[in-house]
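Visitor: I'm new to protein structures, and I'd like to know where the labels come from. Could you take me through one?

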Amino acid sequence: MPIKQIINFFQFLRKFRNEKINIQDIKYLPRWVIFYIDVIIVTLSILLNYALLFSLNADLETVLSINLKIFIYIVSNALFFIIFRTYSGLVRHSTYVDVIKLFLAVGSSHFFILIVDNIQYIFTGQRVFKTTTIVFALLLSFCNLMLFRIAIRIIFDKLSPKQMDTKKLKTLVIGTNPNSISLVQSILEGVSTPFEVVGFVTNDENIRGKRIFDLRIYKFNRPLPILYRFLGIQAIIIGDNSFSKAEKTKIITECLENGIKVFKAPRFLETDSIDDFQHKIKRINIEELLQREAILLDNAHFSDIIYNKVIMVTGGAGSIGTEIVLQLANYNPKSIIIVDQAETPLHHLELELSNKFQFIDFKFIIADVRDALEMENVFKNFHPNYIYHAAAYKHVPMMEKNRSQAILANVMGTKIVADLAVKYKVCKFVFISTDKAVNPTNIMGASKRIAEIYIQSLHYKNENEPEKTKFITTRFGNVLGSNGSVVELFNKQIQAGGPITLTHKEVTRFFMTIPEACQLVLEAAAMGSGGEIFLFDMGEPIKIYDLAKNMILLSGLKPNIDIELKFVGLRPGEKLYEELITDAAIAQPTHHQKIMISKETNANFDVNTIKIEKLIEVVRTSDSKITLELIKDLVPEYFIPNYQNDSF
């Protein structure tokens, strides 16, 4: 390896002699070269030290010769260079961390020499080094090592080609924490960076008005749009996560409204190179504009429950089902049975999981939860310990046009899987419901509410059984990024140049991310004792109109100028706002302040079963009036505007 590097060095010299060379063409020096240079520097330092002491006629008489003492000094310093790995950093990108490592290495080396020398003196009464020699050598060595690094940095700063400032975005960095400082340093030292940092913004009163890297620190609570215009800001980078959600949302919203691009930086790791860190700076996404703090759960206690268990996930190839599978795979289950009727998504998931989790036994089953015989075969073959039932039809407008399919999939399918769970003694059955099941105005919500009623009454029917199955329900709002979500629709409409179609300006919805939704599902399985409906405190609902505007702004476009916002009216079964709990229910707190349990009235299992089986039978015969009457009987709060004349 050293021979190859030497050849490359001479090739570089030949190129430098024959033509003008870009300083950036020089590759980073290998670590062994930096190590040897540092050893040479300390060698020159000790020689200079002795030359100075000789010129001052200092008394240097000791037990060893000068040559032997110089050798001991060099070996000691080299040893501590290796221990502290002072050669591992990039000289042209040296940071305060490298300075500290260098000081510790040099200081430890000289302290070691001093300790050994004193031990020698205690036992023999003679010294190898004079204390004066050690102190002077320490100062000279550290200063010369630092000067070498400073010189290299200055050379590269002066000779590196500078990009035209007009090609860069004038940028403010939000925050002055170590992560933000590392971020700015990486930008200042980078060659291909698209950012030109002009300052910091902070809410820390103690450092406001000071400078970092000769860049001014501005106060957070001053009118930011005025500051942006005054400095000609084109972009901001959020590098500090200590800002509250309200502060961060305020910053992002003001930037978007003023046509300023918004980026966020990840946490800087010591292993990150300058270029790697810059490439991790990403544009802000719509999840950052959720008007609440992200809900984070500690699922560590979940590991003991899932470890070495057989898990079944129905609807496992859907957006929620896939995330559940991915999160479950982190807890080392014995096997995961993934059931879905969609062949292509199931195939794609198989390819993804085979690369990520090579030591977990996955079974991919193409089956329809409405097929009782096929589902029984699945249970008989695999005997799952836990079931996560995510299979469902969920799109409101589509289900309004195909009401019978909503009942068959969401009610009959759930009933089949739940009954088999009892028959095959499944430990827990977690049902994934929706906020649309609360005071439903559409068949999708009504069908999910009927499914909730059935599994709750089934739980209480078997409550006294020795090996009972615990039935648990999770209920949450719209999921950002899920298949067919409003965010996915708006993205497609923006990419097509608009218009974005909205039903009503006042429509609001609760939103959560896919990981949040799946964390709730896992937490419910861990803490649920059966019969509960778990739901998130999801903060304030978000206006779909505001969501659409922000998505346009995040795309660098302007609402109703570049992309039209078009109102088309409420669709059948759609309401202005959603709810998470019925009027008759009682919300109870749990160990986590963001999770509640909805205690709702439970009807008799036998009565419910008769009604549901009758409903399924009638749906198959398409008797509209009787079907609607049965639904209303099961879910009295189901609201149909034109009930008497409505058809199924």
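Guide: Below, we go through some labels on this predicted model and the values behind them.

Visitor: Let's pick a residue. Why is leucine 634 called buried?

Guide: Its relative accessible area is 9%. Buried means under 20%, so leucine 634 gets the label.

Visitor: Where does leucine 634 lie, and what does it touch?

Guide: Leucine 634 lies in helix H21, residues 624-634. Leaving out residues up to four places away in sequence, leucine 634 touches Ile450, Ile453, Asn608, Lys611, Ile612 and Leu615. Take asparagine 608: it's 26 residues apart from leucine 634 along the chain, and their C-alpha atoms are separated by 7.6 Å.

Visitor: Which residues of H21 are buried?

Guide: They are Thr627, Leu628, Leu630, Ile631 and Leu634.

Visitor: How do you know that they line one face of the helix?

Guide: Look down the axis of H21: the buried residues fall within an arc of 160 degrees, so they line one face.

Visitor: On to the rings. How many aromatic pairs are there?

Guide: The count comes to nine.

Visitor: What makes phenylalanine 80 and phenylalanine 112 a tilted pair?

Guide: Two values. Their ring centres are 5.9 Å apart, and a pair needs centres within 6.5 Å. Their planes are at 55 degrees; under 30 would be stacked and over 60 edge-to-face, so this pair is tilted. The pair links distant parts of the chain, with phenylalanine 80 in helix H3 (residues 66-84) and phenylalanine 112 in helix H4 (residues 96-124), 32 residues apart.

Visitor: Why is phenylalanine 112 called partly exposed?

Guide: Its relative accessibility is 41%. Buried is under 20% and exposed is over 50%, with partly exposed in between, so phenylalanine 112 counts as partly exposed. Phenylalanine 80, at 13%, is buried.

Visitor: What makes tyrosine 454 and phenylalanine 605 a tilted pair?

Guide: Their rings are 5.7 Å centre to centre, with 45 degrees between the planes. Tyrosine 454 is in helix H16 and phenylalanine 605 in helix H20, 151 residues apart. Both are buried.

Visitor: How do you know that the charged end of lysine 505 sits over the ring of tyrosine 545?

Guide: The charged end is 4.9 Å from the ring centre. The cut-off is 6 Å, along with a limit of 35 degrees from the ring normal, and lysine 505 is listed as sitting over that ring.

Visitor: Last one: which residues have the most contacts inside the largest nonpolar core?

Guide: Met375, Phe379 and Phe429, in a core of 51 residues. H15 gives the most to this core, with ten residues. Beyond its neighbours within four places in sequence, phenylalanine 429 is in contact with residues including Ile387, Val417, Ile455 and Phe471. A second, separate core has 44 residues, among them Ile305 and Leu520.

Technical notes. Residues are numbered from 1 along each chain as its sequence is written. This is a predicted model: local features need pLDDT of at least 70, side-chain atom pairs count only at pLDDT 80 or more; totals for chains, interfaces and linings use all residues. Side-chain values use heavy atoms; hydrogens and water are left out. Helices (H or I, at least four residues) and strands (E, at least two) are DSSP runs, numbered from the N terminus. Buried means under 20% relative accessible area, exposed over 50%, partly exposed in between (1.4 Å probe, protein chains only). Contact means heavy atoms within 4.5 Å. The arc is that of the directions from the helix axis to the C-beta atoms. Rings of Phe, Tyr and Trp (its six-membered ring) pair if their centres lie within 6.5 Å; planes under 30 degrees apart count as stacked, over 60 as edge-to-face and the rest as tilted. A nonpolar core is a set of buried Ala, Val, Leu, Ile, Met, Phe, Trp, Tyr and Cys residues joined through side-chain atoms within 4.5 Å.
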